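User: I'd like to learn how to read a model like this one, feature by feature. Could you walk me through it?

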Amino acid sequence: MYDALTTRYTFACPSREEAAVPLSSFRRLERLEGTGHPVVYCVRFDCPCGEEHPGLVSHDDLDWAPLGLRDETTFLNLMTSRIEATSVELGELAATRIKAGEWPWSFFCWPEERPRPVYPSAFTLLAPAASGDRVGLAVRCPVCGKVSVNVVSRAHVDVPFVNDREVGVVEHVFERDAAASVEEFRAELWSESFDARRLGLE
Ligand SMILES: [Zn+2]
Ligand SMILES: [Zn+2]
């Protein structure tokens, strides 16, 4: 489902059977009602075939697999030509970095005027800019519960521990975030002006 080496998720595609996409190709994430063990997220993603498709991701795959905290993650070791588990190594590395005060993902909470650490399951809507590397990202703050919209690089979303030093912050709380369609979000987002805020810990 999630490949830690390519940082991509694999989903079914009706025209190409399978599509591997990064987190920044997700357009909407919603917790699937009635799921508990495990919690499952219903996502819509932008497929390389040009269409948008639905897919399901478990909470583990969404938040923990990118940090290597899962058992099935294996890789082909080119030195020994053996399949080896990366999970322990990656997981320990992630734990060490988090203890040192590094955040795998972060965003700037506009109502609270401060950066916060976050996991991808807090992302609700994503919309890419018409050109370039920027992505509009709606995040439900795990602390205050409000939705903030940041404008970030794709790597900020896709690669754990890669955080933009500065992000764009839309000075507006999207009231209807849960109900808004991706199209509405996209139109509203790129019509807003946004200010730069530092995401540093200091
Ligand atoms: Zn497709
Ligand atoms: Zn907050």
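User: In what sense do β11 and β12 pair, and over how many bridges?

Analyst: Strands are DSSP runs of E with at least two residues, helices are runs of H or I with at least four, and both are numbered from the N terminus. Two strands pair if DSSP finds at least two bridges between them. Here β11 and β12 run antiparallel and share 5 bridges. Look across the pair and you'll find Leu126 opposite Leu137 of β12. The hairpin they form has 5 residues between the strands, and Gly132 there has a positive phi near 85 degrees.

A note on the ground rules: this is a predicted model, where local features need pLDDT of at least 70 and side-chain atom pairs count only at pLDDT 80 or more, while totals for chains, interfaces and linings use all residues. Residues are numbered from 1 along each chain as its sequence is written, chains are lettered from A and ligands numbered from 1 in the order written, and side-chain values use heavy atoms, leaving out hydrogens and water.

User: How many residues of β11 are buried?

Analyst: Buried means under 20% relative accessible area, exposed over 50%, and partly exposed in between, with a 1.4 Å probe and protein chains only. For β11, 6 of its 6 residues are buried, so to speak a mostly covered strand. Across the protein chain, buried residues make up 44% of the 202 residues.

User: Which residues touch the most other members of the largest nonpolar core?

Analyst: Nonpolar side chains tend to be buried together in soluble globular proteins. A core here is a set of buried Ala, Val, Leu, Ile, Met, Phe, Trp, Tyr and Cys residues joined through side-chain atoms within 4.5 Å. The largest one has 38 residues, and Tyr9, Phe11, Leu23, Phe26, Leu62 and Phe123 touch the most other members. Strands supplying at least two residues each to this core include β2, β5, β9, β11 and β12. Another core lies apart from it, with 9 residues, among them Val149, Val170 and Phe185.

User: What does Phe123 touch?

Analyst: Contact means heavy atoms within 4.5 Å. Leaving out residues up to four places away in sequence, Phe123 touches Leu23, Leu29, Trp105, Val118, Leu137, Ala138, Val139 and Val157.

User: Now the metals: which residues coordinate the zinc ion (ligand 2)?

Analyst: Donors are N, O and S atoms within 2.8 Å of the metal (3.2 Å for Na, K and Ca), and sites may look incomplete since water isn't among the atoms. Ligand 2 is held by Cys109 (SG), Glu112 (OE), Cys141 (SG) and Cys144 (SG), at 2.0 to 2.4 Å. Cys109, in strand β9, and Cys144, in the loop between β12 and β13, are 35 residues apart and link distant parts of the chain. Cys109 counts as buried because its relative accessibility is 0%, whereas Cys144, at 29%, counts as partly exposed.

User: Why is the arrangement around the zinc ion (ligand 2) called tetrahedral?

Analyst: Four donors count as tetrahedral if all angles lie between 85 and 135 degrees. The ideal is 109.5 degrees. Around ligand 2 the 4 donor atoms subtend 102 to 122 degrees, so the arrangement is tetrahedral.

User: And what are the protein donors of the zinc ion (ligand 1)?

Analyst: They are Cys13 (SG), Cys47 (SG), Cys49 (SG) and His53 (NE2), 2.1 to 2.3 Å from the ion. Their angles are 104 to 116 degrees, which makes this arrangement tetrahedral. Along the chain the spacing reads C-x33-C-x1-C-x3-H. Cys13 counts as buried at 4% relative accessibility, and Cys47 counts as buried at 5%.

Conventions: Four donors count as tetrahedral if all angles lie between 85 and 135 degrees; four count as square planar and six as octahedral if opposite donors are over 155 degrees apart and all others between 65 and 115; anything else is irregular.
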